[in-house]
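Reader: I am new to this one. Please show me the structure, then take me through the terms.

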Amino acid sequence: MTYERLWPRLLESLNEWSIATEVAPGRIQVAVATPDDPARHVEILMSAHEWDQMVCIPWGDFSRAAEEVRKSVLAVGAHERFLIYENYELVPSESSALPVDPDEERMAELARLHPEGFGHWVALDPDGNVVDELRSSLE
């Protein structure tokens, strides 16, 4: 695989089934036409370096990574206009900012409510009984 060509190959691949244009570094406008509806526009926010990571780390193959991008574009909801790279995947969003992850939001709220920390590590036996635990040094 020629790694320096991964980004141009992504654009070529997108243009096989849509109309894709790099409108700015790290921003690809994709238009997908369907027989029943006018062209739908999705903007992919991902740098060439992030694309390299997506190909090489989770997929290990250009074709499989490009297919994942195709699936992501086609699965974008009617109210979403963006796909934003985060942790080796494209996350749909209504705006050019990543949507708030409810799990991360909950953890941030817990951290705010308990600045001293919360939870602790335990080791369980096969029956689910606590056999060892590591507690905070504040206790």
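Author: Start with exposure. Buried means under 20% relative accessible area, exposed means over 50%, and partly exposed is in between (1.4 Å probe, protein chains only). This is a predicted model: local features need pLDDT of at least 70, side-chain atom pairs count only at pLDDT 80 or more, and totals for chains, interfaces and linings use all residues. Residues are numbered from 1 along each chain as its sequence is written, and side-chain values use heavy atoms, with hydrogens and water left out.

Reader: Why is Tyr-88 called partly exposed?

Author: Its relative accessibility is 35%. That lies between 20% and 50%, so Tyr-88 counts as partly exposed.

Reader: What makes Asn-87 exposed?

Author: Asn-87 has a relative accessible area of 60%. The cut-off is over 50%, so Asn-87 is exposed.

Reader: Where is Asn-87 placed?

Author: Asn-87 is in the loop between β4 (82-86) and β5 (89-93). Tyr-88 is in the loop between β4 and β5 too. Strands are DSSP runs of E, at least two residues; helices are runs of H or I, at least four; both are numbered from the N terminus.

Reader: What is the phi of Asn-87?

Author: Positive, about 50°, although Asn-87 is not a glycine. Tyr-88 has a positive phi of about 70° and is not a glycine either. Most residues other than glycine have a negative phi.

Reader: Why is Ser-13 called buried?

Author: Ser-13 has a relative accessible area of 15%. That is under 20%, so Ser-13 is buried. Ser-13 lies in helix α1 (residues 6-14).
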